[in-house]
Amino acid sequence: MSRAQSAILLVGGFGTRLQPLTLKTPKPMLSVAGIPFTQHQIVKARDAGIQEIVLATSYLAEIFEPYFGDGSRFGIKIRYAVEEVALGTGGAIGNAANMLHEDGPVVIFNGDVLSSHDLKGQINFHAENKADISLYLTEVEDARAYGAVEMSGVNITSFNEKMENPPTNIINAGCYIFNREIISTIPQGEVISVERQTFPQALASGKKLCGFVDRSYWLDIGTPVALLKATSDLISGVATSVAYDELLASGAYKKKGTALIATSAKVSDSALVGNGSIVGEAARVGDGAKISHSIIGDGAQIGDRADLESSFIAQNALFPAGSIAKGQFFGF
Ligand code: GTP
């Protein structure tokens with residue numbers, strides 16, 4: 001069986017749990033460690049040998065293309081499938097697949113998972129097991145909010161989507177590989193959930209669904225707390241990303257202690273910035289300011305003696321001198 005060279009990135013959700021951050025910016029375009037989250041996934045795909053990727057967009061679809069263009073800047077071909085009405089995760093896959101040029105299996109990414117999982121290993125695993133669908137699985141302490149699976153050897157035997165008493169702690173970690181025949185069974189133009197419809201239906205019709213269990217770093221970035229954690233984990237090295245390494249190598253950002261500061265930002269020598277914080281491009285941080293575990297958007301200005309903890313400051317916002325924010329969103 002041929003190895004996957006194509007991918008679809010699901011980036012069309014509303015990101016309601018991240019409001020107000022997602023009112024003007026779709027979740028996958030929110031900054032994580034200095035670059036849009038999607039960039040971490042695109043570079044990961046390229047590094048695993050993927051040559052073309054279709055972004056399945058819907059909510060705020062127009063925000064993606066001006067940044068990613070045709071993908072040449074990232075060494076991969078990028079195209080955009082737009083759903084006028086969001087088609088759900090399964091409908092999005094059926095729609096986006098029409099824009100792929102290469103044949104062979106397709107890697108599908110949820111657009112909100114930061115992981116160190118071995119994607120190349122999963123691509124090989126899919127081919128070697130002659131799977132119809134293979135899913136990257138991970139283990140969590142509490143599987144209630146996720147889709148838990150049961151397995152026999154490498155074969156998945158049941159799906160249990162978001163339930164009170166999941167039978168296992170092994171969950172769908174949001175990266176799957178589909179053979180083309182499976183994608184062609186997804187009805188066009190209908191709202192379909194891959195988790196609730198496509199997977200269970202494929203299993204019921206006797207298809208081979210295999211689980212690739214990888215317990216390395218995994219994080220669903222879908223809440224504000226998780227988004228802050230993603231940035232601080234990348235800065236501290238708990239999580240890894242080739243795109244982040246490339247950003248540091250470009251010189252656009254520098255690590256300073258436990259913070260990441262844009263080279264074009266101006267931070268007072270008497271300010272304390274740390275604990276997984278990031279100061280965006282051309283931002284300013286005044287004298288005596290304290291910034292912990294917070295994201296300062298590009299062009300934002302933080303006044304003297306301001307005190308920020310676990311907070312988000314919007315691009316170009318002016319946060320007044322002497323003000324305090326704990327767990328807040330400012331300027332969105
Ligand atoms: P919440 O509203 O906070 O749950 O976030 P979300 O809208 O992103 O939903 P969820 O986390 O369940 O979505 C998982 C992934 O699928 C995300 O990357 C979404 O962008 C994507 N997604 C969800 N629904 C659709 C859809 O209808 N179309 C497309 N193209 N992508 C979708």
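Mentor: In α4, the buried residues are Leu119, Gly121, Gln122, Ile123, Phe125, His126 and Ala127. Please keep in mind throughout that this is a predicted model.

Trainee: What makes helix α4 largely enclosed by the rest of the structure?

Mentor: Buried means a relative accessible area under 20%. Seven of the ten residues of α4 (residues 119-128) are buried, so the helix is largely enclosed by the rest of the structure. Its buried residues pack against α1, β6 (106-110), β8 (133-139), β11 and β12 (209-213). Just after α4, Lys130 has a positive phi of about 50 degrees.

Trainee: Why is Leu9 called buried?

Mentor: The cut-off for a buried residue is under 20% relative accessible area. Leu9 is at 0% relative accessibility, and therefore counts as buried. Leu9 is placed in strand β1 (residues 6-10). Leaving out residues up to four places away in sequence, Leu9 touches Thr38, Gln41, Ile42, Ile53, Val54, Leu55, Ala56, Phe109, Asn110 and Gly111. Leu9 and Ala92 are 83 residues apart along the chain, with 9.4 Å between their C-alpha atoms.

Trainee: Is Ala61 buried or exposed, and how do you know?

Mentor: Ala61 has a relative accessible area of 14%. Buried means under 20%, so Ala61 is buried. Ala61 lies in the loop between β4 (52-57) and α2 (65-68). From C-alpha to C-alpha, Ala61 and Ile8 are 15 Å apart in space, and they are 53 residues apart in sequence.

Trainee: Is Arg305 buried or exposed, and what value decides it?

Mentor: The relative accessibility of Arg305 is 54%. Exposed means over 50%, so Arg305 counts as exposed. Arg305 belongs to the loop between β22 (301-302) and β23 (307-309). Its phi is near 60 degrees, a positive value in a residue other than glycine. His293, which is not a glycine, also has a positive phi, of about 50 degrees. His293 is found in the loop between β20 (290-292) and β21.

Trainee: Which peptide bond is cis, and what is its omega?

Mentor: The bond from Gln19 to Pro20 is cis, with omega near 5 degrees. Pro20 is in the loop between β1 and β2 (31-32).

Trainee: How many residues of domain 1 are in contact with domain 2, and how far apart are the domain centres?

Mentor: Five residues of domain 1 are in contact with five residues of domain 2. The C-alpha centres of the two domains lie 33 Å apart. Contact here means heavy atoms within 4.5 Å.

Trainee: Which residues line the largest pocket closest to its centre?

Mentor: That pocket holds about 940 Å³ of space. Of its 35 lining residues, the closest to the centre are Arg17, Thr89, Asn110, Asp112 and Glu195. By class, its lining has 13 nonpolar, 13 polar and nine charged residues.

Trainee: What does the second largest pocket draw from domain 1 and domain 2?

Mentor: Its lining draws at least three residues from each of domain 1 and domain 2. The volume of the second largest pocket is about 740 Å³. It is lined by 30 residues, of which Met29, Leu30, Ser31, Asp298 and Gln315 are the closest to its centre. This lining has 19 nonpolar, eight polar and three charged residues.

Definitions and conventions
Residues numbered from 1 in each chain as written. Predicted model: local features only at pLDDT ≥ 70, side-chain atom pairs only at ≥ 80, totals over all residues. Heavy atoms only, no water. 1 Å grid on protein atoms, 1.4 Å probe; cavity = no way out; pocket = protein on both sides within 12 Å on 5 of 7 lines; lining within 4 Å. Points joined across faces, edges and corners; volume = space filled by probe spheres on them. Nonpolar A, V, L, I, M, F, W, Y, C, P; charged D, E, K, R; others polar. Domains from an automatic or database assignment. Buried < 20%, exposed > 50% of the residue type's maximum accessible area, 1.4 Å probe, protein only. Helix = DSSP H or I, 4+ residues; strand = E, 2+ residues; numbered from the N terminus.
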